[in-house]
Amino acid sequence: MLDLDGEVPIYQQIRDRVVEAIAEGALAPGAGLPSTRQMAVDLAINFHTVNKAYDLLRREGIIRINRKSGAVVRPDVKQPSDELRAGADWEARMRTLLAELDVRGIPKEEVKGHVAAVLDAFPGREDERP
């Protein structure tokens, strides 16, 4: 669900919902996304906003866009990527979120519990955890 009046830009919310849908298994690798115009109509927003979200997802290597097939979740999207591990953008975002929780006095063990619960909720998670 998008918060059209919230502080987070709508294109970022769209991007985040697509990433969450992939992680949760609602969007499988190789699945097609609606056209930018169709999603804009469905959400009652400007198609340029959807286009900006799709472009961000493309630059991040999450979707592929092509004239014939449109926007598609990359088939290898859930494969480990050295590029993502090396690019610290996700670490910067995580650091900010964790800093906000720290500033608000949320105990570290509670944060760790929530992180573990969210990760465990994603289907197909078989990696080892310390």
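**Note on surface and helix features**

1. Leucine 98 is partly exposed, its relative accessible area being 37%, in what is a predicted model.

2. In helix H2, which covers residues 36-43, the side facing inward can be traced through Thr36, Met39 and Ala40, each of which is buried. These residues lie on the same side of H2, because the arc that they cover around the axis is only 100°. An α-helix has 3.6 residues a turn, so positions three or four places apart point the same way. Arg37, Val41 and Asp42, by contrast, are exposed on the other side of H2.

3. Two contacts between a charge and a ring deserve attention. Arginine 37 lies over the face of phenylalanine 47, at 4.0 Å from the ring centre, while the charged end of lysine 52 is placed over the ring of tyrosine 11, at 4.3 Å from its centre. As for pairs of aromatic rings, the structure holds zero.

4. Valine 8 is found in the segment before helix H1 (10-24), and with a relative accessible area of 42% this valine counts as partly exposed. Between valine 8 and asparagine 66 there are 58 residues of separation in sequence and 28 Å in space, taken from C-alpha to C-alpha.

How values were computed: Residues are numbered from 1 along each chain as its sequence is written. This is a predicted model: local features need pLDDT of at least 70, side-chain atom pairs count only at pLDDT 80 or more; totals for chains, interfaces and linings use all residues. Side-chain values use heavy atoms; hydrogens and water are left out. Rings of Phe, Tyr and Trp (its six-membered ring) pair if their centres lie within 6.5 Å; planes under 30 degrees apart count as stacked, over 60 as edge-to-face and the rest as tilted. A charge sits over a ring if NZ of Lys or CZ of Arg is within 6 Å of the ring centre and within 35 degrees of the ring normal. Helices (H or I, at least four residues) and strands (E, at least two) are DSSP runs, numbered from the N terminus. Buried means under 20% relative accessible area, exposed over 50%, partly exposed in between (1.4 Å probe, protein chains only). The arc is that of the directions from the helix axis to the C-beta atoms.
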